[in-house]
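Please read it with the viewer open.

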Amino acid sequence: MSSRQRRWTGTVSRVRSGGWLSGVAVAVFLGIGLTACGSGGSGGGPTTVSVGISGAVSDAPLYLADALGYFKDQNITVELTNFPSSSDMIAPLGTGDLQVGASGATAAFYNAIDRGVGVRMVADKGRVIPGKSYESILVDKRLWDSGQVRSMADLRGRTVADYQESSTTSAFLNAGLEKAGLAIGDVNRTYITGAQHLAALQNGSVAASVTPEPFGTAAVDQGIAVRLPESDDMYPNQQTSVLLYGERFIKEDSDAAQRFMVAYLRAARTYNDAIGPDGRLTGPAAGQVVPILAQRTGVSEDVLRRITVNGVDPGGALNRDGIERDIRFYAAGGWLTNPSVALDDCIDLGFAEKASAELGPYVAPLPG
């Protein structure tokens, strides 16, 4: 691993819980050097693009575009590198050492924009499917069985595991609390990773957690927790993650940036073809998609077919209303250096709009 990679990525968390889950939570660093874009990229020539990912199932369009040859069709070679957190991608995106990132739309992103870091949201990468949320409020099964916690309202004064103070999971939790007449300050939050949520629920150090898949399914499978049914309707269409372009990539190799987007949206459509009406990977293209995701993420095919997955807009469109709602949440919590941040200063949807027009309207496959 190069010194640049060590500087950007920091320390990788090691999960020792065993089983299929450990393959998801351990960030595996690929033995590659991050290559600056622009090596013959103009005019459609061969281009190498460095992409930061988290190694999660929600990185599906990037994995699929690579495995199915969609990037190759656009004369692009991608170098996918796992980062411990999305915030670790921001600096190299700003310097141009990383061209593309897969990130949560967190307060850290907006604060980077306020500092003048050149990075923009350019397409959808993950959102909550209405009525079928891949994020869950998990409750310690002992508290559920005893009747002490059966709804969001019962979480008042209790400790809830979250990822970080000002993240999209925090906004999801806040949305559920608001529906129950509570506020984020009415619960005590502790900040730990998804794999650690299971241990905390099991040892009773937290009463509940706000946890995405596949960790939610793992907790239920192991009899540790119960998923609150309210989770599915707490925050429909929340924009949980986005595709980022570094500003230098946008300005210095817009041709490659456009070709990358065509491949990405083509893969997003294949991913949508794999999602069934139940919000799981049970659609017509699941047989093609599931083995690729299992190989890339370390999650077994059986689990991938049982979890509720995140949605991705086939045209790359962002849920502006949801993003602005989260910005207001971050501002109210005092987590933004510029509470008046303007969303239009943070996005550039031109690449997605042009790529979507080139690909034509998305037509969902018939079931069966």
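The points below go from the whole chain to single residues.

1. Ground rules. This is a predicted model, in which local features need pLDDT of at least 70, side-chain atom pairs count only at pLDDT 80 or more, and totals for chains, interfaces and linings use all residues. Residues are numbered from 1 along each chain as its sequence is written, and side-chain values use heavy atoms, with hydrogens and water left out.

2. Overall content. The protein has 16 helices and 10 strands. These are DSSP runs numbered from the N terminus (helices: H or I, at least four residues; strands: E, at least two). Of its 368 residues, 57% count as buried (under 20% relative accessible area, with exposed over 50% and partly exposed in between; 1.4 Å probe, protein chains only). Accessible surface comes to about 14,200 Å², and 48% of that belongs to carbon and sulfur atoms (Shrake-Rupley method, 1.4 Å probe).

3. Contact range. Take contacts between residues at least 6 apart in sequence: 78% join residues at least 24 apart. Contact means heavy atoms within 4.5 Å.

4. The sheet. Five strands make an open, mixed sheet, ordered β2-β1-β3-β10-β4. Its edge strands are β2 (76-82) and β4 (119-127), each pairing on one side only. Neighbouring strands are turned by 25° against each other on average, direction ignored. Pairing requires at least two DSSP bridges between two strands. β1 (residues 47-53) and β3 (residues 100-104) pair in the parallel sense over two bridges. G52 has G101 as its bridge partner in β3.

5. Helix α12. This helix (residues 254-274) lies across β1, β2, β3, β4 and β10, and runs at about 150° to β10 (239-246). Axes are lines fitted to C-alpha atoms, for helices over the stretch in contact, and angles run from 0 to 180 degrees between N-to-C directions.

6. α3 against α12. The axes of α3 (residues 60-67) and α12 come within 8 Å and cross at roughly 105°. The two helices are therefore roughly perpendicular (65 to 115 degrees). α3 contributes A60, P61, L62, L64 and A65; α12 contributes F260, A263, Y264, A267, A268 and Y271. The contact residues divide into 11 nonpolar, no polar and no charged.

7. Helix α9. In α9 (residues 194-203), the buried residues are G194, A195, H197, L198, A200 and L201. Just after this helix, G204 takes a positive phi of about 80°.

8. T168. Buried or exposed? T168 is buried, because its relative accessible area is 9%. T168 lies in α8 (residues 168-179). Beyond neighbours within four places in sequence, T168 contacts A105, T106, E135, Q238, Q239, T240, D326 and Y330.

Methods:
Parallel < 35°, antiparallel > 145°, perpendicular 65-115°, else oblique. Nonpolar A, V, L, I, M, F, W, Y, C, P; charged D, E, K, R; others polar.
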